[in-house]
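Please walk through this protein with the model open beside the text. The account starts with the overall fold and then turns to single strands, loops and side chains.

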Amino acid sequence: MWSGDRQRADQERHCRSAIEAMIPVPASTKVWLASGVTDMRKGFNGLSMLAQDALEQDPFSGHLFVFRGRRGDLVKIIWWDGQGACLFSKRLERGRFVWPSPIKGKVAITSAQLAMLLEGIDWRAPVRTWRPLKAG
């Protein structure tokens, strides 16, 4: 294994463990991003309605639904854990969360990509820090 591959594997393992420690969700859980901006004054009921109407998903399915505010420094995640709705929020002190284009719709991402998003990392195209020039 190349040192760059090892470093990337360590980073991905750290991202997965960070999200698993924060939100104990099953591996089969899907993560849905709501494209565009969301009114961050919304709480449990408002975000559940957006998941149901705008994303056309069942808010009680156990999947994670992620919404971003207009300024781009705040996200809210709503998740039904089987007993009730959980609402998580994160605000970046500097920078903005990388988000899909403002076209209405939804984007499915992995839990590792969610972990990168929550750390302020561009989850769309993680860049390798090193690539071998030739084999051998």
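The protein has 3 helices and 5 strands. This is a predicted model, and its elements follow the pattern α-β-α-β-β-β-β-α along the sequence. The protein comprises 136 residues, of which 36% count as buried. Its accessible surface comes to about 8,700 Å², and 52% of that surface belongs to carbon and sulfur atoms. Among contacts between residues at least 6 apart in sequence, 61% join residues at least 24 apart.

How many of the residues of S2 are buried? The count is 5 of 5, so S2 is largely enclosed by the rest of the structure. In a regular strand, side chains alternate between the two faces of the sheet. In S2, Leu64, Val66 and Arg68 lie on one side, while Phe65 and Phe67 lie on the other. These residues are all buried, which leaves both faces of S2 covered. Arg68 therefore belongs to the buried set, where buried is defined as under 20% relative accessible area.

S2 has a partner in strand S1, residues 31–34. S1 and S2 run parallel and are joined by 3 bridges. Within this pairing, Trp32 stands opposite Phe65 in S2.

The loop between H2 and S2 deserves a separate look. Glu56 is placed in this loop, and its phi is near 55°, a positive value in a residue other than glycine. Is Glu56 buried or exposed? Its relative accessible area is 62%, and because exposed means over 50%, Glu56 counts as exposed.

The structure holds 1 aromatic pair, formed by Phe60 and Trp80. The ring centres of Phe60 and Trp80 are 5.0 Å apart, with 85° between the planes. Because planes over 60 degrees apart count as edge-to-face, the pair of Phe60 and Trp80 falls into that class.

The last stop is helix H3, residues 111–118. H3 is mostly covered, with 6 of its 8 residues buried. Which residues of H3 are buried? They are Ala112, Leu114, Ala115, Met116, Leu117 and Leu118. Just after H3 comes Gly120, which takes a positive phi of about 85°.

Technical notes: Residues numbered from 1 in each chain as written. Predicted model: local features only at pLDDT ≥ 70, side-chain atom pairs only at ≥ 80, totals over all residues. Heavy atoms only, no water. Phe/Tyr/Trp six-rings, centres within 6.5 Å; stacked < 30°, edge-to-face > 60°. Helix = DSSP H or I, 4+ residues; strand = E, 2+ residues; numbered from the N terminus. Buried < 20%, exposed > 50% of the residue type's maximum accessible area, 1.4 Å probe, protein only. Contact = heavy atoms within 4.5 Å. Areas by Shrake-Rupley, 256 points an atom, 1.4 Å probe, with all protein chains shown as cover. Pairing = 2+ DSSP bridges.
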